[in-house]
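Here is a brief report on a two-chain complex. Keep the structure open while you read.

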Amino acid sequence: MSDTDTNHECVCAQLSEEELYPRLELIIEEHRNKPHELIMALHKAQNLFGYLPRKVQQMVAEGLKVSLNEIYGVITFYSFFSTVPKGRHSVKVCLGTACYVRGGQQTLEKVGKELGAKVGDTTEDRRYSLDVVRCIGACGLAPAMLVDDDVYGRVKSTKIMEILDQYK
Amino acid sequence: MNMVRNHVLISIDANTIIAGARAVEDALIKEIARQGLSQEIVVLETGSVGIEDQGVVLVVYPEGIYYTNITPAEVPELVEEHLLKGRVVHRLMLKETPKRFVITKEKTGLMKEQPRIVLKNCGFINPESIDEAIAADGYQAAAKALSSMKPDEIIAEVKHAGLTGRGGAAFPTGLKWEFASKVDNPVKYIVCNADEGEPGTFKDRLILEGDPHKLIESMIIGGYATGATKGFVYIRGEYELSIERLEKAIADARSYGLLGTNIFDSGFDFDITVMKGAGAYVCGEETALIESIEGKRGHPRNKPPYPITAGLWGKPTIVNNVETLSNIPEIILKGAENFKKYGTEKCSGTKVYTILGHVATPGLIETEMGTTLRDIIFEYGGGIKDGKRFKCALVGGAAGAFLGPDMLDVKMDFVNLREYAAALGSGAILVMDEDTDIVDMLKSVLHFFKHESCGHCVPCRLGTARLVELIDRIAASKGTSKDVEGLTRISETMKDTSFCPLGQSLILPVSSSLKYFKDEILARVQ
């Protein structure tokens, strides 16, 4: 497995954006001139930077031979991709039907209140971003919430701060 | 050789990992070593055993005892009592063996034995070991197909078995393969749709996590039968563990010569690539999925041409769901007649369901086609939670219908449910008790569709937005009876005019909720 593998954690917090570009070159090299591998390349690029700034989009466009306008179209279509910087930790509350029926909405409201952020927002200290997801397939443990790659099941509103505090 | 006394199976899947399965596994291995039992007790990882809400689950064989809600703190006691002294720890044991594991008719009260075809190995083998998959008959069907059957014989067998698409559309799989095999083109693709986006559905995830080799084997057979030499699995980006296990399984299969060139000395070449989705519900639609594999926005395409004639990069492409494909090895190995023993006249075989919501034991089950909703909820799901009354069930995910008490005894299969203006869809069964607010549920469903409408066609893009406005007004007790009529009118128009099934299916939840709960909804308006 290479450095640029999709499963690797975002290193955007430790390195400056400038330092990440050589790594992006490696990713682009893997997919050079293969426009159909755009989504895989974007996954990896976003893992690296935490989001997809314009310069990254331009480099991917040149490397894969896809127009910048098409890349913009793809990024805005899929909910995984973001063009704005995200917090160091992503908090996602599941509002799939199974979670909804077991109180997902209340969980979301409570998380929003604790963080002082609305859905789609990032907290001022860039510690957390708050988003909603539609079914993460953990329905047996509804209501569920994701912090980065960790899934929390049967989230009780009294436990929310305890969970969030673990992520510095 | 060591004499193994006990096998301890630990379920490592999406749900148990949340509950701390890895920590329990570590504790278990350490404790077994500490008590000097490493030679006699083997700890094995497996996929979901079908219990989704009971924390970390262990199964001890040969006794077949299920322990649930295990934490590292309980491990020393468990090892000392059960594994060393042979005394079952009743306190931690699952009170009653869940019905879904009892497959004899005497114990379930059901009419026939319940087969496990798709989930046969899930929860019994280590999904990360190709040797275990092979020991459990893995790749035998592929060997048989490639070395002793002609492609049209395979297609005839699948056709005769009556297997239909399990992703929701229920198109006969054998027919699809036959069409594809007749298209004259040197390049063909077979695509497995593992973009399981329907809320409340996670069956494909657990099939992939529990037995990834079965899918690989099925795709080899499908490729050989139709002439496709390249396979793609398009899998939801959220399903990290599924992706990891499938990629490992593919690499292992390659190293065993089960993927690559000249498989089983048959002269047939085949390989599989995993493609990761990026979060768009509409990509579950086959042409949108194809667009997405090509690296584009997942907008559905015009049909015809169908993917069978011009799909991925314009080449003939067969798109099958994970569950559909996972039936293939059994059909090839045991024959179509055996497969047809299960199910109904029009829909043979089994269906995998996820039972969720207000039931006592949510989980993953496989039962034969034609099992009633009553049996699924009360036999397999353990009935309604906290002794409450059944109100309705949303069957088939968000794009499904609410079914009320009068539907409890209807035999559920794809054909039969369609007659009742309902759909089996993906097999998600979300059960709601008497306290559930139906307006709130409908609101959740409609918001989901508004969020996921891809914007390609006007009826769906605007229709979902209008429906959300209406339901929000109704939910806030600010609506009128005209708003309620509007729900029907708009969803009917969308059914007639939307470009793809996303917009066409909204009529199901809307009309079914109005059918059963019109009074409740009208009580909320002025």
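## The nonpolar core

In the largest nonpolar core, which has 209 residues, Ala144(A) and Ala393(B) touch the most other members. Helix α2 of chain A (residues 38-49) supplies the largest share of this core, eight residues. The model is a predicted one.

Ala144(A) has a set of contacts beyond four places in sequence.

## Confidence

The predictor assigns the complex an ipTM of 0.81 and a pTM of 0.86. Chain B has a mean pLDDT of 90, and 96% of its residues reach 70 or more.

Over residues 99-112 of chain B, pLDDT stays under 50. The model has 24 contacts beyond four places in sequence for that stretch.

## Where the chains meet

In the interface, 39 residues of chain B contact 32 residues of chain A. Four elements of chain B each supply at least two residues to its side: α1 (14-18), β10 (350-357), β14 (428-433) and α18 (438-452). α18(B) gives the most, with five residues.

What classes of residue make up the side of chain B that touches chain A? It has 17 nonpolar, 13 polar and nine charged residues.

## A five-strand sheet in chain B

Chain B holds an open sheet of five strands, in the order β11-β10-β14-β12-β13. The pairing is mixed. β11 (363-368) and β13 (401-403) of chain B are the edge strands, each pairing on one side only. From one strand to the next, the twist averages 30°.

β10(B) and β11(B) run antiparallel and are joined by six bridges. Lys351(B) has Thr367(B), in β11(B), as its bridge partner. Helix α22 of chain B (residues 507-522) packs on the sheet. This helix touches β12 (390-395) and β13 of chain B, and its direction makes about 25° with that of β13(B).

## A buried leucine

Leu467(B) is found in helix α19 of chain B (residues 458-475). Is Leu467(B) buried or exposed? Leu467(B) is buried, because 24 other C-beta atoms lie within 10 Å.

Beyond four places in sequence, Leu467(B) contacts Leu446(B), Leu487(B), Ile490(B), Ser491(B) and Leu506(B). Val510(B) is 43 residues away along the chain from Leu467(B), and their C-alpha atoms are separated by 9.7 Å.

## Backbone details in chain B

Two cis peptide bonds deserve a look. One joins Lys303(B) and Pro304(B), with omega about -10°. Another joins Pro304(B) and Pro305(B), with omega about 0°. Pro304(B) sits in the loop between α12 (286-293) and β9 (317-321) of chain B. Pro305(B) also lies in the loop between α12 and β9.

Next come positive phi values. Ala170(B) is not a glycine, yet its phi is positive, near 60°. Ala170(B) is in the loop between α7 (151-161) and α8 (173-182) of chain B. Ala170(B) counts as buried because 20 other C-beta atoms lie within 10 Å. Asp386(B), also not a glycine, has a positive phi of about 55°. Asp386(B) is found in the loop between α16 (373-380) and β12 of chain B. With 9 other C-beta atoms within 10 Å, Asp386(B) is exposed.

Methods: Residues are numbered from 1 along each chain as its sequence is written. Chains are lettered from A and ligands numbered from 1 in the order in which they are written. This is a predicted model: local features need pLDDT of at least 70, side-chain atom pairs count only at pLDDT 80 or more; totals for chains, interfaces and linings use all residues. A nonpolar core is a set of buried Ala, Val, Leu, Ile, Met, Phe, Trp, Tyr and Cys residues joined through C-beta atoms within 7 Å. A residue is buried if 20 or more other C-beta atoms lie within 10 Å of its own, exposed if 12 or fewer, and partly exposed in between; C-beta atoms are placed from the backbone. Two residues are in contact if their C-beta atoms, placed from the backbone, lie within 7 Å. Ala, Val, Leu, Ile, Met, Phe, Trp, Tyr, Cys and Pro count as nonpolar, Asp, Glu, Lys and Arg as charged, and the others, Gly among them, as polar. pLDDT is the predictor's confidence in each residue, from 0 to 100. Two strands pair if DSSP finds at least two bridges between them. Axes are lines fitted to C-alpha atoms, for helices over the stretch in contact, and angles run from 0 to 180 degrees between N-to-C directions.
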